[in-house]
Amino acid sequence: MVNRLRGEVEAVLDGRRHTLCLTLGALAELEATLHASDLGELARRFGEGRLKAREAIAVIGAGLRGAGHALSDEEVAAMRTEGGAGGFVRLVAELLE
């Protein structure tokens with residue numbers, strides 16, 4: 001069971017349940033990967049409501065790794081979820097909420 005107070009979310013990826021969490025380390029990873037100068041820049045970027053597929057992969061990958069899953073962004077990029085692209089967008093929104 002996920003703990004929403006700790007920022008955890010649950011997702012079914014490739015038919016398996018996964019917990020995701022954007023820890024401070026995961027957020028630092030996103031800053032570096034997306035070349036953001038700070039958390040404020042990340043918040044502004046995602047607050048615009050526009051999301052590139054590569055950014056979704058980075059957020060989901062960081063969330064998986066933040067929860068202890070040793071998956072590369074390449075492995076995340078090959079995953080599937082219910083709802084296709086919309087399902088991934090909802091997952092990213094839930095993680096960033």
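**Entry 1: helix H3 and its surroundings**

I began with the buried residues of helix H3 and found that they pack against strand S1, strand S2 (16-21), H1, H2, H4 and H5. For packing I took a contact as heavy atoms within 4.5 Å, and for the elements I used DSSP runs numbered from the N terminus, a helix (H or I) having at least four residues and a strand (E) at least two. I note here that this is a predicted model, in which local features need pLDDT of at least 70 and side-chain atom pairs count only at pLDDT 80 or more, while totals for chains, interfaces and linings use all residues. Residues are numbered from 1 along each chain as its sequence is written, and side-chain values use heavy atoms, with hydrogens and water left out.

I then looked up how much of H3 is covered, and 10 of its 14 residues are buried, so the helix is largely enclosed by the rest of the structure. Buried stands for under 20% relative accessible area, exposed for over 50%, and partly exposed for what lies in between, with a 1.4 Å probe and protein chains only. The buried residues of H3 are Glu 55, Ala 56, Ile 57, Ala 58, Val 59, Ile 60, Gly 61, Ala 62, Gly 63 and Leu 64. From its first C-alpha to its last, H3 reaches 20 Å, close to the 20 Å expected at 1.5 Å a residue, where the expected span is 1.5 Å times one less than the number of residues. After H3 comes Gly 68, which has a positive phi near 100 degrees.

**Entry 2: the nonpolar core**

I next looked up the largest nonpolar core, which has 25 residues, and those with the most contacts inside it are Leu 20, Leu 30, Ile 60 and Leu 64. Such a core is a set of buried Ala, Val, Leu, Ile, Met, Phe, Trp, Tyr and Cys residues joined through side-chain atoms within 4.5 Å. Two or more residues come to this core from each of strand S1 (8-13), helix H1 (24-33), helix H2 (39-47), H3 and helix H5 (84-96). H3 gives the most, with 7 residues.

Leu 64 sits in H3 (residues 53-66), and I record it as buried because its relative accessible area is 0%. Leaving out residues up to four places away in sequence, I listed the contacts of Leu 64 as Leu 13, His 18, Thr 19, Leu 20, His 69, Leu 71, Val 76 and Met 79. For one of these pairs, Leu 64 and Val 76, which are 12 residues apart along the chain, the C-alpha atoms are separated by 8.9 Å.

**Entry 3: Asp 73**

I looked up Asp 73 in helix H4 (residues 73-77), and it counts as buried because its relative accessible area is 18%. Apart from residues up to four places away in sequence, Asp 73 touches Ile 57, Ala 58, Gly 61 and Arg 65.

S1 and S2 run antiparallel and are joined by 6 bridges; I counted two strands as paired if DSSP finds at least two bridges between them. Leu 13 stands opposite Arg 16 in S2. The hairpin has 2 residues between the strands, and there Asp 14 takes a positive phi near 55 degrees, although Asp 14 is not a glycine. Asp 14 counts as partly exposed because its relative accessibility is 45%.

His 35, in the loop between H1 and H2, is another residue other than glycine with a positive phi, near 55 degrees.

**Entry 4: the whole chain**

Finally I looked up the protein chain as a whole, which has 5 helices and 2 strands, running β-β-α-α-α-α-α from the N terminus on. Its radius of gyration is 12 Å, close to the 13 Å that the globule rule gives for 97 residues, so the chain is as compact as a globular protein of that length. That radius is taken over C-alpha atoms, and the rule is 2.2 Å times the number of residues to the power 0.38. Along its principal axes the C-alpha trace spans about 35 × 25 × 20 Å, and buried residues make up 34% of the 97 residues. Of the contacts with a separation of 6 or more, 51% are between residues 24 or more positions apart.
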